Amino acid sequence: MEKLNILVLEDDKLAQKIMASRLAAHNVTLAGDLKTALKKIETESYDLGFFDLMLGPDDDYSGLRAIAAAAARNIYAVVVSSSDSDEIIDRAYELGAGDFYAKGNEESNVAEILRKFIQNRKAAGRADIFTSSFITGDAETKAAAGEALKYAPTELPILILGPSGTGKTSLAKVLHEHSGREGAFVAINCSAYSEDLLEAELFGYRKGAFTGAADSRKGRLLEAHKGTLFLDEIGTMSLGMQTKLLKAIEERSFYPLGSEKPEHSEFRVISATLEDPQDLIAKGKMRFDLFQRVHGYSINLKPLAARKGDVFLLAQHFTKGGKRLSFTAEARAWMEDYAWPGNVRELKKFIDLLSSGEGGRVGLETVQKHLKGGQGAPRRTHGDGMDAVYADALSRGLEAALENISAEIIARNLRENGGKKTKTLADLKISTRLLYATIKKHGLETQGDK
Amino acid sequence: MTPDTTKLLHDIKSRCASLRNAADLFKDCSSGEKKEMLALMTGAAEEILKTVTALNKAA
């Protein structure tokens with residue numbers, strides 16, 4: 001549980017003792033009078049404060065002054081009082097109180113206040129993510145990432161899907177940062193290594209394990225102990241390597257190369273692939289049991305071309321603190337219509353290029369000069385569905401994109417026909433061979449041999 | 001000066017709530033804490049008696 005800095009203003013010694021016990025898991029400061037509380041508020045830093053309003057039998061609700069001071073210092077102020085006077089409670093809210101509860105049953109009252117406070121702070125943190133670490137204004141992407149963030153503090157493995165350069169690593173990092181895991185975020189791009197090198201990178205090795213192993217080295221799995229292991233491009237891993245990784249994930253232990261002593265590591269797996277995992281399984285390139293192990297929750301990131309509004313949001317973010325760029329109306333329109341086959345990564349490179357060389361004002365000619373293929377560069381077609389297909393074709397090739405669409409159409413028609421193959425053959429005017437090949441490859445449900 | 005009965009009632013409610021909370025906590029306290037808690041509970045009870053006496057005079 002998150003440890004909070006809490007101030008309690010309470011004149012009654014017994015009530016102080018009770019609050020100290022109920023808040024024992026946090027850093028608590030007790031103030032017995034208004035003067036002490038005001039000084040603490042001014043000089044110390046607190047997340048929230050519990051304030052009694054009537055400090056002594058003849059006091060005139062002087063605790064209200066502490067509420068105002070706390071609110072001014074952005075401390076979440078909770079009123080704790082035996083007064084049921086609406087006037088006093090309204091006054092406390094006017095002064096900036098965030099919550100109120102009547103004294104008594106502190107066990108559930110305090111727990112509920114803390115639960116709400118932590119939840120609200122996390123929600124506020126999520127909103128900030130989209131303007132600081134995972135930039136997007138796209139409602140669909142925000143919703144999907146927000147949903148994934150709900151699973152950040154769990155052990156559930158997360159699989160991030162999406163074309164190259166869409167921000168899969170950034171999202172994985174954000175998920176780790178919100179996981180509360182004390183270990184490190186360790187990323188490895190599986191496509192960058194040959195099978196032998198990947199094994200050495202992941203599991204580590206002992207001195208002399210192979211030619212060139214002059215010293216022992218800790219593997220990424222061990223580096224990720226109590227943290228997160230991010231496996232990028234997991235689909236490129238060989239089947240043999242997948243078997244070894246699966247064993248390490250399941251047993252939480254593994255043998256470094258050349259070692260007979262097993263190592264233990266409690267890492268959480270987040271993985272990413274730009275290919276369709278079902279397709280990889282159908283092609284025999286991905287083990288089904290490994291897929292089962294890594295896809296507890298899946299999130300699909302849209303290509304930049306399908307998040308038109310993000311182009312200038314990201315451009316602005318990339319120039320933060322550096323040279324400000326201003327684009328002419330023609331340049332803006334062209335950029336918004338551009339297909340961005342390299343997605344966010346391409347945009348970042350483009351902005352870096354502009355920031356380091358050209359002047360602050362950027363025209364159409366400059367934009368066309370730097371983006372792929374100049375004037376003949378790929379442009380996004382209109383309609384969001386088509387944008388995604390187009391970006392998919394640019395990312396994986398036209399043949400793969402068309403095959404995907406063909407499979408989707410056949411699957412839909414089979415569903416609508418209750419799985420009757422003869423009806424689908426007639427409806428779509430396709431060959432028996434194409435239908436059966438698609439059913440087998442994608443594991444589509446059909447009804448007998450109708 | 002006549003004591004403000006609203007404030008006296010508030011004080012009684014507040015201290016009674018603390019006593020109730022203390023009773024809830026008591027079983028989970030260590031023996032050392034129980035001693036401290038009992039002293040505080042006794043103090044609170046005495047304060048309640050004083051306030052009720054004041055309220056009796058004011059009523």
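How many of the residues in chain A are buried?

1. **Overall picture.** Buried residues make up 46% of the 450 residues in chain A. Keep in mind that this is a predicted model. The chain holds 20 helices and 16 strands. Now take contacts between residues at least 6 apart in sequence: 69% of them join residues at least 24 apart.

2. **Helix α14 and its buried side.** Helix α14 of chain A runs over residues 329-337. Its buried residues are Ala331(A), Trp334(A), Met335(A) and Asp337(A). Where do they sit around the axis? They cover an arc of only 165 degrees, which puts them on the same side of α14(A).

3. **Helices α8 and α10.** Helix α8 covers residues 195-203 of chain A, and helix α10 covers residues 239-251. Their axes come within 10 Å and cross at roughly 10 degrees. That angle is under 35 degrees, so α8(A) is roughly parallel to α10(A). The crossing is right-handed. On the α8(A) side, the residues that meet the other helix are Glu195(A), Leu198(A), Glu199(A), Leu202(A) and Phe203(A). On the α10(A) side they are Gly240(A), Met241(A), Lys244(A), Leu245(A) and Ala248(A). Sorted by class, this contact has six nonpolar residues, one polar and three charged.

4. **Helices α18 and α19.** Helix α18 spans residues 398-416 of chain A, and helix α19 spans residues 421-428. How do their axes cross? They come within 9 Å, at roughly 125 degrees. From α18(A), the contact uses Ile409(A), Ile410(A), Asn413(A) and Leu414(A). From α19(A), it uses Lys421(A), Lys423(A), Thr424(A), Asp427(A) and Leu428(A). Four of the contact residues are nonpolar, two are polar and three are charged.

5. **Helices α19 and α20.** Helix α19(A) also packs with helix α20, residues 432-442 of chain A. The angle is about 125 degrees, and the axes are 10 Å apart. This pair is therefore oblique too. α19(A) passes α20(A) in a right-handed crossing. Which residues meet? Lys421(A), Thr424(A) and Leu425(A) come from α19(A), while Thr432(A), Leu435(A), Tyr436(A) and Ile439(A) come from α20(A). By class, the contact has four nonpolar, two polar and one charged residues. Look back at point 4: Lys421(A) and Thr424(A) are also listed in the contact with α18(A).

6. Lys429(A) lies in the loop between α19 and α20 of chain A. Its phi is near 50 degrees, a positive value in a residue other than glycine. Is Lys429(A) buried or exposed? Lys429(A) has a relative accessible area of 72%, so it counts as exposed.

7. **Lys226(A), another positive phi.** Lys226(A) is not a glycine either, yet its phi is positive, at about 65 degrees. Lys226(A) sits in the loop between α9 (220-223) and β10 (228-232) of chain A. With a relative accessible area of 32%, Lys226(A) is partly exposed.

8. **Val110(A), a buried helix residue.** Val110(A) is found in helix α5 of chain A, residues 106-132. Why does Val110(A) count as buried? Its relative accessibility is 1%, and the cut-off for buried is under 20%. Leave aside residues up to four places away in sequence. Val110(A) then touches Met19(A), Arg22(A), Leu23(A), Phe50(A) and Tyr101(A). Take Met19(A): it is 91 residues away along the chain, but the two C-alpha atoms are separated by 8.5 Å.

9. **Ile89(A), in helix α4.** Ile89(A) lies in helix α4 of chain A, residues 86-94. Ile89(A) is buried, with a relative accessible area of 13%. Asp99(A) is ten residues from Ile89(A) in sequence. In space, C-alpha to C-alpha, Ile89(A) and Asp99(A) are 9.7 Å apart.

Conventions: Residues are numbered from 1 along each chain as its sequence is written. Chains are lettered from A and ligands numbered from 1 in the order in which they are written. This is a predicted model: local features need pLDDT of at least 70, side-chain atom pairs count only at pLDDT 80 or more; totals for chains, interfaces and linings use all residues. Side-chain values use heavy atoms; hydrogens and water are left out. Axes are lines fitted to C-alpha atoms, for helices over the stretch in contact, and angles run from 0 to 180 degrees between N-to-C directions. Helices (H or I, at least four residues) and strands (E, at least two) are DSSP runs, numbered from the N terminus. Contact means heavy atoms within 4.5 Å. Ala, Val, Leu, Ile, Met, Phe, Trp, Tyr, Cys and Pro count as nonpolar, Asp, Glu, Lys and Arg as charged, and the others, Gly among them, as polar. Buried means under 20% relative accessible area, exposed over 50%, partly exposed in between (1.4 Å probe, protein chains only). The arc is that of the directions from the helix axis to the C-beta atoms. Angles under 35 degrees count as roughly parallel, over 145 as roughly antiparallel, 65 to 115 as roughly perpendicular and the rest as oblique. A crossing is left-handed if the near helix is turned anticlockwise from the far one by less than a right angle, and right-handed if clockwise.
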